[in-house]
Amino acid sequence: AEYMGLSVLAAVLAVLGYSVNESVVIFDRIRENFRRYRKMGTTEIIDNAITSTISRTIITHGSTQIMVLSMLLFGGPTLFYFALALTIGICFGIYSSVFVAAAIAMWLGIKREDLVKPSSGKKDDNPNDP
């Protein structure tokens, strides 16, 4: 196919990078919340993590999408398929990172013990640890 060239491959790889990065940010926030909010349940922890990172997600992907749409509209035939692949990929990447990844973590039965090391009994291990 004419449209599947190196530029589309570059777009797919860029979208994979965005998606993986977004998943890492959300899972890191889940881990932080497990340490910070000890009385919250798993569902509340994941909900809080998604809620607290969604503004960052919207700003990051929104600004990227504005640039990609300008390439789609003004880039001509050279950048068309690259920008089209990025546009489609950004939408699916956000969806899979934010909604699918967290749901899979819940389905797998993630628990506080999976992400937080048990305390050794000493309180002065790390004074910054909540």
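Helices here are DSSP runs of H or I with at least four residues, and they are numbered from the N terminus. Read along the sequence, this protein runs α-α-α-α. The model is predicted. Its secondary structure amounts to four helices and zero strands.

**Overall build**
- The protein has 130 residues, and 29% of them are buried.
- Take the contacts between residues at least 6 apart in sequence: 70% of these join residues at least 24 apart.

**Surface**

**Empty space inside**
- Rolling a probe the size of a water molecule over the atoms shows where empty space is left.
- The count is one cavity of 30 Å³ or more.
- The largest cavity has a volume of about 40 Å³.

**What lines the largest cavity**
- Two elements each give two or more residues to the lining: helix 1 (6-36) and helix 3 (76-107).
- Helix 3 provides the largest share, with five residues.
- Among the lining residues are Val 15, Tyr 18, Ser 19 and Glu 22.
- The lining also includes His 61.
- Gly 89, Ile 90, Gly 93, Ile 94 and Ser 97 line the cavity too.
- By class, the lining has four nonpolar, five polar and one charged residues.
- Glu counts as charged, and Glu 22 is one of the lining residues.

Key: Residues are numbered from 1 along each chain as its sequence is written. This is a predicted model: local features need pLDDT of at least 70, side-chain atom pairs count only at pLDDT 80 or more; totals for chains, interfaces and linings use all residues. Side-chain values use heavy atoms; hydrogens and water are left out. Buried means under 20% relative accessible area, exposed over 50%, partly exposed in between (1.4 Å probe, protein chains only). Contact means heavy atoms within 4.5 Å. On a 1 Å grid over the protein atoms alone, a cavity is a set of points where a 1.4 Å probe fits but cannot get out, and a pocket is an open set with protein on both sides within 12 Å along at least five of seven lines; lining residues have an atom within 4 Å of a point. Grid points are joined across faces, edges and corners, and a volume is the space filled by probe spheres set on the points.
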